[in-house]
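I set out to record what I looked up in this structure, entry by entry.

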Amino acid sequence: MAVGKEIRGKIKSVENTKKITKAMEMVAASKMRKAQDRMRAARPYSDKIRNITANLATANPEYTHPFMAQAKDQDAKAVGFIVVTTDKGLCGGMNTNVLRMVTQKARELEQAGNKIKAVAIGNKGLGFLNRVGVPVVSSVTQIGDTPHLEKLIGPVKVMLDEYQEGKLDAVYLCYTKFINTMRQESQVEQLLPLAAGKLEADKGTHSWDYLYEPDAQVVIDELLVRYLEALIYQAVAENLASEQSARMVAMKAASDNAGNVIGELKLVYNKTRQAAITKELSEIVSGAAAV
């Protein structure tokens with residue numbers, strides 16, 4: 001039964017694959033909970049620093065930070081992208097979706113006469129940007145399951161400094177936002193210049209008066225930098241939570257598909273085995289009748 005032996009080998013191979021995908025699904029589920037907790041823990045800090053920065057900016061309307069103003073050097077006509085993707089694959093179409101949006105937005109800006117530069121956070125995005133020929137000014141990979149701000153600051157600061165020097169007209173932040181376990185949305189948001197709507201203070205009954213040390217300009221400058229760092233860290237945390245959720249769903253689908261394939265192969269094997277038994281019985285009966 002050479003055919004039956006071949007089918008048994010295929011069944012064994014698919015069973016081994018199913019064990020791997022099932023293990024990866026369970027690991028992703030465990031990491032997903034930790035990533036979601038980390039993401040939710042970062043949100044209050046981001047909201048609080050936004051509120052403080054908005055109150056300070058409102059208290060000093062005479063000073064406008066470069067991050068809140070459009071770049072004056074219109075000869076540059078360049079736009080920066082901070083692209084956040086994963087280091088590993090096997091997470092469904094998550095990276096494909098966000099990179100498709102990046103490509104579409106970049107094509108629109110290039111048709112308007114802008115040059116494109118990028119900062120890559122994650123190995124998949126870095127490989128994609130190199131393949132399509134987008135200049136990558138800096139990158140960071142192998143972030144791990146726990147993002148650390150000190151690893152992100154250096155590469156991102158390169159692009160923030162270029163905007164502050166007037167070499168970029170705008171900077172966009174591209175990542176996958178976590179909605180729930182089954183749903184993640186690709187986002188391409190304008191990071192710089194900071195929109196006025198993003199820096200709206202929470203409405204309350206109090207109007208604060210501030211004492212500054214050393215002075216208002218230095219304090220606002222530092223706070224705006226910290227606010228941008230908080231936005232980028234939050235995007236990376238959201239992307240990591242989305243990655244584990246997408247990987248868990250993808251591995252569950254792979255395990256289910258492997259189970260279906262095993263069922264079909266077993267059915268074919270049983271039919272083949274039954275046909276061989278029936279053929280042998282027929283030959284025995286025919287031989288006995290001939291004798």
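**Entry 1: model and cores.** I note that the model is predicted. I looked up the largest nonpolar core and found 35 residues in it. F67, I82, I121, V171, L191, L192 and L228 have the most contacts inside this core. The elements that give two or more residues to this core are α1, β1, β2, α4, β4, β5 and α5. Helix α5 gives the most, with 12 residues. A second, separate core has 18 residues, among them V79, V102, A106 and A120.

**Entry 2: I121.** I then listed the contacts of I121, leaving out residues up to four places away in sequence. I121 touches residues including I82, V83, V84, L152, V156, I232 and V236.

**Entry 3: helix α4.** I found a kink of about 35 degrees in α4, centred on V156. V156 is also one of the buried residues of this helix, which include L152, P155, M159 and L160. The buried residues of α4 are covered by elements including β1, β2, β3, β4, β5 and α5. Just after α4, I noted a positive phi of about 85 degrees at G166.

**Entry 4: salt bridges.** I counted 12 salt bridges in the structure.

- K22 pairs with E25, with the closest N and O atoms 3.8 Å apart. The two residues are 3 apart in helix α1, so about one helical turn separates them. K22 is partly exposed at 41% relative accessibility, whereas E25 is buried at 12%.
- K31 pairs with D145 at 3.2 Å between the closest N and O atoms. K31 lies in α1 and D145 in the loop between β3 and α4, so the pair ties together parts 114 residues apart in sequence. K31 is partly exposed at 30%, and D145 is partly exposed at 40%.
- K157 and D161 meet at 3.0 Å, N to O. They are 4 residues apart in helix α4, so about one helical turn lies between them.

**Entry 5: E229.** Which residues are linked with E229 in a network of salt bridges? I found E222 and R226. E229 is in helix α5 and counts as buried, at 14% relative accessibility. Beyond its neighbours within four places in sequence, E229 is in contact with L149 and I153.

**Entry 6: surface.** Last, I looked up a nonpolar surface patch formed by I277, L281 and I284, with about 280 Å² of accessible area together. I277 lies in helix α5 and is partly exposed, with a relative accessible area of 32%.

Definitions and conventions:
Residues are numbered from 1 along each chain as its sequence is written. This is a predicted model: local features need pLDDT of at least 70, side-chain atom pairs count only at pLDDT 80 or more; totals for chains, interfaces and linings use all residues. Side-chain values use heavy atoms; hydrogens and water are left out. Patches are made of residues with over 30% relative accessible area and no salt bridge: like charges are joined within 9 Å, nonpolar side chains (Val, Leu, Ile, Met, Phe, Trp, Tyr) within 5 Å. Accessible areas come from the Shrake-Rupley method with a 1.4 Å probe; for residues, only the protein chains shown count as cover. A salt bridge is a side-chain nitrogen of Lys or Arg within 4 Å of a carboxyl oxygen of Asp or Glu. Buried means under 20% relative accessible area, exposed over 50%, partly exposed in between (1.4 Å probe, protein chains only). A nonpolar core is a set of buried Ala, Val, Leu, Ile, Met, Phe, Trp, Tyr and Cys residues joined through side-chain atoms within 4.5 Å. Contact means heavy atoms within 4.5 Å. The bend at a residue is the angle between axes fitted to the seven residues ending there and the seven starting there.
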